[in-house]
Number of protein chains: 2
Amino acid sequence: MKKAIILLGCPESPSQTPLAVYATNKLTGMGYKVTVASTPSAKKLLEVSDPEEYYVKNKTDIESCLDGLDQGDYDFLLGFVHKDAAVSYFVTFYHILNTKSLALVFHRDPEKLEYFENTVKENTEAEIASARAYHNPTPLKVRLDRALDKQDMPKKEDKVEDS
Amino acid sequence: MKKAIILLGCPESPSQTPLAVYATNKLTGMGYKVTVASTPSAKKLLEVSDPEEYYVKNKTDIESCLDGLDQGDYDFLLGFVHKDAAVSYFVTFYHILNTKSLALVFHRDPEKLEYFENTVKENTEAEIASARAYHNPTPLKVRLDRALDKQDMPKKEDKVEDS
């Protein structure tokens, strides 16, 4: 079974936890075993948000996960990026895993959004799905769906190159 | 079957959607049929957060719900209160339903927290569970659990929750 990892940083945006559950459910439906690696506060929100663990079956601390991480551990990387720390995590995981990767970039402030997008572009060749998002998760959800749907996963092994 | 209604206002806090799912699950486990009445943006977050509708089976628009509301429609009212509009909704639903009620008051700013608590106290005789909460849902979850557990509600099997 193919394995995906989702990275969650500090949960400042009301959209992050709902979208993390949504993405986990979608990737599971695509045939992935999904692990969510997060900061302690993001993990608590996830636990409250899915008390029976219907959606998120595998949760781990992002720091300990990073400590033991090797290339080949996961087949797909999805990073939630809306803070500097989250960009660093994504870039680090990206270079260690060296696999198909998608950065979900979001912020309520358009300048920060652009800055995070550019930082991801300068440091990785990952696919990027981005939108202004805070209260309303729909624009980001639409872009996430589009990015995941076009991956044709998990059958296709080819990496989609962006420039 | 007893019926409970949960009121959700504008989802500014990252804790609101996760706690709404949590409360729905808890009340369902206590034997209630639960309806969540919310603003459109809170509803979207709830849909993304529970894409297979495992937890929240009945969602309605808070304004239309209010239009058709009568005493006796619900046996228990739980209001999420962290904005002026949410206080007004809670007080209004409280006086129409005239039933067992709990206000879950939360805010990151302690002065606003106190102000909302006092407003609820001055206008209703509802029970209040309150805590500072933003990123970390735990203090509020603990108070919600305590308030619900001490209610004399229809009993089903109790669940032990760790956090």
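Here are some questions and answers about a predicted model with chains A and B.

Q: How many residues of chain A are in contact with chain B, and with how many residues of chain B?
A: Let's start where the two chains meet. Contact here means heavy atoms within 4.5 Å. By that rule, chain A brings 29 residues, and they touch 30 residues of chain B.

Q: What area is buried between chain A and chain B?
A: The size of an interface is often given as the accessible area lost when the parts come together. Carbon and sulfur atoms give 65% of the area buried between chain A and chain B. The area itself is about 2,500 Å².

Q: Which three residues supply more of the area that chain A buries against chain B than any other three?
A: The area buried between the two chains is about 2,500 Å². On the side of chain A, three residues supply 24% of what that chain buries against chain B, more than any other three. They are A:V48, A:Y55 and A:H135.

Q: Which element gives the largest share of the side of chain A that touches chain B?
A: The elements giving two or more residues to this side are α1 (16-29), α2 (40-49) and α6 (138-149) of chain A. The largest share is 6 residues, and it comes from α1(A).

Q: How do the residues on the side of chain A that touches chain B divide into nonpolar, polar and charged?
A: Helix α1 of chain A gives 6 residues to this side, the largest share. By residue type, the side of chain A that touches chain B divides into 14 nonpolar, 9 polar and 6 charged.

Q: How many salt bridges does the rule find across the interface of chain A and chain B?
A: Over all chains, the count comes to 14 salt bridges. Across the interface, the rule finds 7 residue pairs in polar contact, both residues at pLDDT 80 or more. For salt bridges across the interface of chain A and chain B, the number is 0.

Q: Are A:K26 and A:D145 buried or exposed?
A: The side chains of A:K26 and A:D145 meet in a salt bridge at 3.1 Å, N to O. This pair links helix α1 with helix α6 of chain A, 119 residues apart. A:K26 and A:D145 also belong to a network of salt bridges with A:K141 and A:D149. Both A:K26 and A:D145 are buried.

Q: Is B:D145 buried or exposed?
A: B:D145 sits in helix α6 (residues 138-150) of chain B. Beyond its neighbours within four places in sequence, B:D145 is in contact with B:Y22 and B:K26. Buried means under 20% relative accessible area. With 12%, B:D145 is buried.

Q: In which helix do B:E47 and B:K43 both lie?
A: B:E47 forms a salt bridge with B:K43, and the closest N and O atoms are 3.4 Å apart. The two residues are 4 residues apart, about one turn of the helix, and that helix is α2 (residues 40-49) of chain B.

Q: Where is A:E53 found?
A: Phi of A:E53 is near 55 degrees, a positive value in a residue other than glycine. A:E53 is partly exposed, with a relative accessible area of 39%. Its place is in the loop between α2 and β3 (58-61) of chain A.

Note on methods
Residues are numbered from 1 along each chain as its sequence is written. Chains are lettered from A and ligands numbered from 1 in the order in which they are written. This is a predicted model: local features need pLDDT of at least 70, side-chain atom pairs count only at pLDDT 80 or more; totals for chains, interfaces and linings use all residues. Side-chain values use heavy atoms; hydrogens and water are left out. Buried area is the accessible area (1.4 Å probe) that two parts lose on being put together, summed over both. A salt bridge is a side-chain nitrogen of Lys or Arg within 4 Å of a carboxyl oxygen of Asp or Glu. A polar contact is a pair of N or O atoms within 3.5 Å; within protein, one must be able to donate a hydrogen and the other to accept it, and residues adjacent in sequence count only if both atoms are side-chain atoms. Ala, Val, Leu, Ile, Met, Phe, Trp, Tyr, Cys and Pro count as nonpolar, Asp, Glu, Lys and Arg as charged, and the others, Gly among them, as polar. Buried means under 20% relative accessible area, exposed over 50%, partly exposed in between (1.4 Å probe, protein chains only).
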